[in-house]
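Subject: Structure handover

Hi,

Here is the structure we talked about.

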Amino acid sequence: MATLLADKYEARKAEVNERFEQLRANEEELNRIFAKIYNMEGEVPIKVEDKYVSVARIFDTAEEIPESYKGNKYVRTKRDEIVSLISYAVGCMFGRYSLDADGLILADQDATISDYLDKVAGGDASRVSFMPDADNVLPITDDEYFDDDIVGRFVEFMRAAYGAETLEENLRFVAEALGGRGTSRQVIRAYFLKDFFKDHCQTYKKRPIYWLFDSGKKN
């Protein structure tokens, strides 16, 4: 069944932001309770400022983030959510994750495609929605020169995850969130070339799960 990524994003944003406000309300209620217990009503602050609520809050763009949220390390944007989706997609390309099973699938040095199939589909490849890359190497180039080019694999992931009917619209949504010029695929390719590994290292605190081999500063 085809799915619009925009709808999925809006649903996630609503869920995350509702959780943010619920935590704030819970913390303020606790503040009221303790202020009453210790006879400090009117002497200690009850309200919890935006920057001190310690769960995620999503805004569509960085420009929309109010000043009151500055300093809150849990604030995210639409781009952050799409970058996370891309990271998950690459994980599926390497067999670390799967569209067909929850949790971590392959994380061992000697794991193989056979191990992947055994874990997610009882060894039956026909039951797999999206297969990992066979040689565990994903080329990132300025154009599509290889069958397992990372952009091509990402497009296949989006087709498998959200359906063929909405593929182009979903790719446009990804590209718009990332920002840049050109077609959707060109914007996505530019992200993989310039920003993916940097974002990956930042996410994993300079301890990358995947390794980048490149040909130097001039690519």
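Which residue forms a salt bridge with Glu156? Arg159 does, with the closest N and O atoms 2.4 Å apart. (A salt bridge here is a side-chain nitrogen of Lys or Arg within 4 Å of a carboxyl oxygen of Asp or Glu.)

Before going on, two notes on the source. This is a predicted model: local features need pLDDT of at least 70, side-chain atom pairs count only at pLDDT 80 or more, and totals for chains, interfaces and linings use all residues. Residues are numbered from 1 along each chain as its sequence is written, and side-chain values use heavy atoms, with hydrogens and water left out.

Salt bridges

Glu156 and Arg159 sit 3 residues apart in helix H4 (150-162), about one helical turn. (Helices are DSSP runs of H or I with at least four residues, strands are runs of E with at least two, and both are numbered from the N terminus.) Glu156 is partly exposed at 37% relative accessible area. (Buried means under 20%, exposed over 50%, partly exposed in between, with a 1.4 Å probe and protein chains only.) Arg159 is also partly exposed, at 30%. Elsewhere, shared partners join Arg79, Asp195, Lys198 and Asp199 into one network of salt bridges.

Lys13 is worth a look. It forms a salt bridge with Glu10 at 3.5 Å between the closest N and O atoms. It forms another with Asp60, at 3.1 Å. Lys13 lies in helix H1 and Asp60 in the loop between strands S1 (57-59) and S2, so this pair ties together parts 47 residues apart in sequence. Lys13 counts as buried, at 15%. Asp60 is partly exposed, at 24%. In total, the structure holds 15 salt bridges.

Helix H3

The buried residues of H3 (113-121) are Tyr116, Leu117, Val120 and Ala121. Seen down the axis, they fall within an arc of 95 degrees, so they line one face of the helix. (The arc is that of the directions from the helix axis to the C-beta atoms.) On the other side, Asp118 and Lys119 are exposed.

Second largest pocket

Its volume is about 450 Å³. Of its 14 lining residues, the closest to the centre are Arg76, Asp80, Val83, Asp199 and Thr203. (On a 1 Å grid over the protein atoms alone, a pocket is an open set of points where a 1.4 Å probe fits, with protein on both sides within 12 Å along at least five of seven lines; lining residues have an atom within 4 Å of a point. Points are joined across faces, edges and corners, and the volume is the space filled by probe spheres set on them.)

Best wishes
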